Amino acid sequence: MVAAQHAMEPEGYIENERCLPGEVGVWVFIFGDMMVFGIFFMVFLFYRNLDIESFNAAQTLLNQNLGAINTILLLTSSWFVATAVHFVRKQRTDLAWKLFLFAFSCGFGFGAVKYFEWSAKISEGYTLTSHDFFMYYYIFTGIHMLHVIIGMGVLAFLMLKARKGQCDRDDIATYESGGIFWHMVDLLWIVLFPLFYLVR
């Protein structure tokens, strides 16, 4: 059966022999990070429920279109990363590094949109101390932005690694781990976007 599976794989395809992609340590880190964000989300929802009307009024001041654009950027970047890892497994690093570059560009675009969004709100007088909603908004999206910056560093590393043509079996775990971290960044935003921009 295993022999038949190997026979069906494309020539040069590097199979992951582990149960989970990436390194175990990355999954432990991600689990812990998601637990912390889960607590953040529950705290926000708790205080929102104490003053729903006021939180909803503050929410209308956010630009949903910018939030939607950032969601599209991160979803697109995750597709680029997943496709890049796929090509690395096929030893097509000539394509993989370009896809990592596209994903990095999407991350940069996300940061640029968020910078202009924050700047616009602050110039309008909505700061950390304006309202509890904005306090949570700046803190949570700021922590997420830190994850984006770290993730962009990871993507830059993977891009350079792929450009050098490094794709043996040990390297695959590194690519997978980097991809998993970036997907977590994407997943966190998918929760943050409706939480701050859409939930009523």
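This is a predicted model: local features need pLDDT of at least 70, side-chain atom pairs count only at pLDDT 80 or more; totals for chains, interfaces and linings use all residues.
Colleague: Let's start with one residue. Is Glu-117 buried or exposed?
Modeller: Residues are numbered from 1 along each chain as its sequence is written, and side-chain values use heavy atoms, with hydrogens and water left out. Buried means under 20% relative accessible area, exposed over 50%, and partly exposed in between, with a 1.4 Å probe and protein chains only. At a relative accessible area of 3%, Glu-117 is therefore buried.

Colleague: Which residue forms a salt bridge with Glu-117?
Modeller: Side chains of opposite charge can pair when their charged atoms come close. We call it a salt bridge when a side-chain nitrogen of Lys or Arg is within 4 Å of a carboxyl oxygen of Asp or Glu. For Glu-117 the closest N and O atoms are 2.9 Å apart, and the other residue is Lys-114.

Colleague: How many salt bridges does the structure hold?
Modeller: Among them is one between Glu-124 and Lys-121, at 2.8 Å from N to O. Another joins Asp-94 and Arg-92, with the closest N and O atoms 2.9 Å apart. The total is five.

Colleague: What about Asp-94: what is its relative accessibility?
Modeller: Arg-92 is partly exposed, with a relative accessible area of 35%. Asp-94 counts as partly exposed too, because its value is 36%.

Colleague: Turning to rings, how many aromatic pairs are there in the whole structure?
Modeller: Rings of Phe, Tyr and Trp (its six-membered ring) pair if their centres lie within 6.5 Å; planes under 30 degrees apart count as stacked, over 60 as edge-to-face and the rest as tilted. A search of the whole structure gives 29.

Colleague: Which residue forms a stacked pair with Phe-100?
Modeller: The two ring centres are 6.0 Å apart with 15° between the planes, and the residue paired with Phe-100 is Tyr-175. This links distant parts of the chain, 75 residues apart: Phe-100 is in helix α5 (residues 93-123), Tyr-175 in helix α7 (residues 169-198). Phe-100 counts as buried because its relative accessibility is 0%. The value is also 0% for the other residue, so buried is the word for Tyr-175.

Colleague: What kind of pair do Phe-110 and Trp-189 make?
Modeller: Phe-110 is buried at 1% relative accessible area, and Trp-189 is buried at 0%. Their ring centres lie 5.1 Å apart with the planes at 85°, so the pair is edge-to-face.

Colleague: Where is His-144 placed?
Modeller: His-144 counts as buried because its relative accessibility is 0%. Taking contact as heavy atoms within 4.5 Å, and not counting residues up to four places away in sequence, His-144 touches residues including Phe-37, Phe-110 and Trp-189. Its place is in helix α6 (residues 132-163).

Colleague: How many helices does the protein have overall?
Modeller: Read along the sequence, the pattern is α-α-α-α-α-α-α. There are zero strands, and the number of helices is seven.

Colleague: Finally, over which residues does pLDDT stay under 50?
Modeller: The average pLDDT is 88, and 89% of the residues score at least 70. The stretch under 50 has two contacts beyond four places in sequence in the model, and it covers residues 1-10.

Terms used: Helices (H or I, at least four residues) and strands (E, at least two) are DSSP runs, numbered from the N terminus. pLDDT is the predictor's confidence in each residue, from 0 to 100.
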